[in-house]
Amino acid sequence: MRKSHPIRRVVLTTAATVSGIVLLLSLKPGSDPASAAGAAPGAPGAAQESAQGGAGAAAASTITGDAAQTQYGAVQVRLTVAGGKITKAEAVQAPKGGRSDSVTADAVPKLNQEAVAAQGADIDAVSGATYTSAGYRQSLQSAIDKAKAAPAPSAPASQSGGGAADGAARTVTGAVAQTQYGPVQVRVTVSGGRITAAEAVQAPKGGESDRKTALAVPRLNREAVAAGSADIDSVSGATYTSEGYKKSLQSALDQAGG
């Protein structure tokens, strides 16, 4: 038998070693376990953060400021607030009739835009609409104050199926109802789906109206709380005020979610 040459044995041994290494490399996982362990939480984390961002985003709420009386008529501003920011402003009341129509048409859109841009009531008056601008700022500030005082509704609270969020008190002001003797506007406080307080922030005044308002409004306030709805009786001798009250009350309840 011939003896193997020493060089040949070295070559064969080296070849076998290389083949073994190649075989081991071919069996290695497609990704490094260490990098995979670090990357795995990453993707779910990004998805989770996105989901939390969507769930945590504050729901929009609409708040109406008190009506501001000016020399040419009432001005009242309604805001839409989401995430602590004003996303929309609009005048639900503004001077009208005669020249006031053109002044209002020019001034109000500008004031609405400025309110959103400034995120506050510190806005410039529109030239030629000084009174309207002043009334707008006053009602705007009132709406902002209410927005700060009221708890902001959020998606997680509504998804929780009730609990503390549903029982939190919320104050809502209804739209102004115009009557033959003047505007009527109602503000309600709602907690746990019930009216806990009602008040007229506007009511007819002057002359005989003062007496009728003083007589009718307290009764209407009590009836609104007792009935828990706008289905209340009119006060005798104050029919117009009563009808205006019920109309504004229903508006407030609609804003509060019924």
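Q: Before we get going, what does "partly exposed" stand for here?
A: It's the band between buried, under 20% relative accessible area, and exposed, over 50%. Tyr240 is partly exposed because its relative accessible area is 43%. Bear in mind that this is a predicted model.

Q: OK, and which ring does Tyr240 pair with?
A: Tyr181. The ring centres are 5.5 Å apart and the planes sit at 65°, so that's an edge-to-face pair.

Q: How many aromatic pairs turn up in the whole structure?
A: Two. The other one joins Tyr72 and Tyr131, with centres 5.5 Å apart and planes at 65°, so it's edge-to-face. Tyr72 lies in the loop between β2 (68-70) and β3, and Tyr131 in helix α5. Relative accessibility is 48% for Tyr72, and the relative accessible area of Tyr131 is 42%.

Q: Back to α9. Is Ser248 buried or exposed?
A: Buried, with a relative accessible area of 0%. Ser248 lies in that helix, which covers residues 239-255.

Q: What does its side chain reach?
A: The Ser248 side chain gets to the backbone oxygen of Ala175, at 2.7 Å. Beyond its sequence neighbours within four places, Ser248 also contacts Gly174, Ala177, Val184, Gln185 and Val186.

Q: New topic: which residues touch the most other members in the largest nonpolar core?
A: Leu79, Leu111, Tyr136, Leu140 and Ile144, out of 19 residues in that core. β3 (73-82), β4 (85-93), α4 (99-118) and α5 (130-149) each give it two or more residues.

Q: What's Leu79 in contact with?
A: Leaving out neighbours within four places in sequence, its contacts include Ile63, Ile86, Ala89, Leu140, Ala143 and Ile144. There's also another core apart from that one, with 17 residues, among them Val190, Ala230, Val235 and Tyr245.

Q: And how do β7 and β8 pair up?
A: Antiparallel, over seven bridges, with β7 at residues 182-191 and β8 at 194-202. Val188 has Ala198 in β8 as its bridge partner. Two residues separate the strands of this hairpin, and Gly192 takes a positive phi near 60°.

Q: Last one: what's the overall tally?
A: Nine helices and eight strands. Of the 258 residues in the chain, 32% are buried.

Terms used: Residues are numbered from 1 along each chain as its sequence is written. This is a predicted model: local features need pLDDT of at least 70, side-chain atom pairs count only at pLDDT 80 or more; totals for chains, interfaces and linings use all residues. Side-chain values use heavy atoms; hydrogens and water are left out. Helices (H or I, at least four residues) and strands (E, at least two) are DSSP runs, numbered from the N terminus. Buried means under 20% relative accessible area, exposed over 50%, partly exposed in between (1.4 Å probe, protein chains only). Two strands pair if DSSP finds at least two bridges between them. A nonpolar core is a set of buried Ala, Val, Leu, Ile, Met, Phe, Trp, Tyr and Cys residues joined through side-chain atoms within 4.5 Å. Contact means heavy atoms within 4.5 Å. A polar contact is a pair of N or O atoms within 3.5 Å; within protein, one must be able to donate a hydrogen and the other to accept it, and residues adjacent in sequence count only if both atoms are side-chain atoms. Rings of Phe, Tyr and Trp (its six-membered ring) pair if their centres lie within 6.5 Å; planes under 30 degrees apart count as stacked, over 60 as edge-to-face and the rest as tilted.
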